[in-house]
Amino acid sequence: MLVGVFGVWLVSRLSDGAAAAYGLANQIMLTFMITFRFVSLGASVVVTQYLGARDRDGADQVARAALAANLWMGVLSCGVIAVGARPLLELMRLPESLFPMAQPYLVAVGVMLAFDAVNFSLGAVLRAHTHTRATLRLILIMYAVQLALSLPLMFGFAGWPGLGMNGLALAAVIARALSFWMHHRLWRELLGIRASFEDYWRIRPGRLREVLHIGLPGAGENVAYRISYMIILAMVADMGQAALTTHTYTMQIVHFLLLFSLAIGFGTEIVVGHRVGAGELAGADRQVRGGLVVGLCVCVTVVLATALLGPRLLGLFTSDPEVLAIGSKLLWLTLLVEPGRTINLVVINGLRAAGDARFPVGVGVISMFAVAVGLSWLLGVHLGWGLVGVWVAYGADEWLRGLAMSARWHFRGWVPHARRTLRRVRLNGRPA
């Protein structure tokens, strides 16, 4: 996230138009990334389940299946962007004057996505094996290389003028290629898996079905979230430039707050997957409940500190008194939103790891559109509450989903799915 913020700052040194083109192209990139994430997400969960059942061969077969699936999707995405960069930018209503900057940058980003697709699967499997620190070190090295290359490639050196935005994209591609090599090496050193050329192109339908059983519902939830968020963002844009600016700056801060809950949620998912695979359902239950307590304590502490420092944090972005006043109020309202989101993230990851992947999607889609979008319009637009109404809608959506997920877990609606998952893992512990 820090690298993303720094990227925006670097591009803004070129021009405001470059920053607009960069932001819009990245929105397209993030949309394509959803297709990679559902395979890596599903692979991570299924691998943890096989490892919990002490079936290392089954876990390795799932890992190899995820590699090929994501490589094919990465290459396909790269091709779509290479051919359709201009139509995609036209669809997003990019001003004609910005096409010379945005179009070549987006094509370069397409190459980066091909590497990212494979890296997502490689990293997800490493984390499923609990090698999270090694993965973190790898990511830090990758971004350090990207940042080190960005400055000279963008702005030039020794009389060479540089490549502008395309230099930033080239730095990202080189860093991703290095990341692929490091991931591949960690697979050999830490996991003892030597991925062959065949592993990168051969589709394994049997193992892939297991991955998609978990991953596809997760992708549906992500797609629904992005669509509902874009609808709400359009409503905010209609409230005026000040509202849109305040929303943008406040969300930059809120996204950092999310990292704490996401970290606990992902950790819960890994441990619960191992517990379920081992048949330790009582241990899985304790893990989710314990993670929830820790998550809520950390969440409230961090959000409270952020709200108290609100004017100072927002002052890093702007000196506009209207933006500072409204943004500070929104950060206090975040105390309403984030605990609900924490419950949501921790319990949803637990449900997914137990094999109960469809319930969160069904509740999520209804809540995101009926509550988040509906209340944003009713309170923010129709009743004129502005951003305060939008934040209340965010909070209502997160709490509704969080309470629904908690009830599902508390009343053990996940247990039949966990038992089916355990039977599947034990039955499928053979070559695909």
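The structure holds 5 aromatic pairs, where a pair means rings of Phe, Tyr or Trp (its six-membered ring) with centres within 6.5 Å; planes under 30 degrees apart count as stacked, over 60 as edge-to-face and the rest as tilted. What you're looking at is a predicted model, in which local features need pLDDT of at least 70 and side-chain atom pairs count only at pLDDT 80 or more, while totals for chains, interfaces and linings use all residues. Residues are numbered from 1 along each chain as its sequence is written, and side-chain values use heavy atoms, with hydrogens and water left out.

Here are two of those pairs.

| Aromatic pair | Centre to centre | Between the planes | Kind |
|---|---|---|---|
| F157 and W160 | 5.8 Å | 75° | edge-to-face |
| F180 and Y200 | 5.9 Å | 65° | edge-to-face |

The F180 and Y200 pair links distant parts of the chain, 20 residues apart: F180 belongs to helix 6 (residues 165–191), and Y200 to the loop between helix 6 and helix 7 (205–238). Helices here are DSSP runs (H or I, at least four residues), numbered from the N terminus.

How open are these rings? Buried means under 20% relative accessible area, exposed over 50%, and partly exposed in between (1.4 Å probe, protein chains only). Y200 has 11% relative accessibility, so it counts as buried. F180 is partly exposed at 25%, and W160 is partly exposed too, with a relative accessible area of 35%.

The charged end of R408 sits over the ring of F359, 4.4 Å from its centre. R86 lies over the face of F99, at 4.3 Å from the ring centre. To count as sitting over a ring, NZ of Lys or CZ of Arg must be within 6 Å of the ring centre and within 35 degrees of the ring normal.

Now for some helix packing. Helix 7 packs with helix 8 (residues 241–277) at an angle of about 135°, their axes 8 Å apart. Axes are lines fitted to C-alpha atoms, for helices over the stretch in contact, and angles run from 0 to 180 degrees between N-to-C directions. That makes helix 7 oblique to helix 8, since under 35 degrees counts as roughly parallel, over 145 as roughly antiparallel, 65 to 115 as roughly perpendicular and the rest as oblique. Helix 7 brings Y229, L233, V236 and A237 to the contact, and helix 8 brings A243, L244, H247 and M251; contact means heavy atoms within 4.5 Å. By class, there are 7 nonpolar, 1 polar and no charged residues. Ala, Val, Leu, Ile, Met, Phe, Trp, Tyr, Cys and Pro count as nonpolar, Asp, Glu, Lys and Arg as charged, and the others, Gly among them, as polar.

S228 is also in helix 7. Is S228 buried or exposed? It's buried, with a relative accessible area of 4%. Leaving out residues up to four places away in sequence, S228 touches M368, F369 and V373.

R358 is in helix 12 (residues 358–382) and is exposed, at 62% relative accessible area. Not counting residues up to four places away in sequence, R358 touches H213 and P217.

R188 lies in helix 6 and counts as partly exposed at 34% relative accessibility. With residues up to four places away in sequence not counted, R188 touches I193 and R194.

Note on methods. Helix = DSSP H or I, 4+ residues; strand = E, 2+ residues; numbered from the N terminus.
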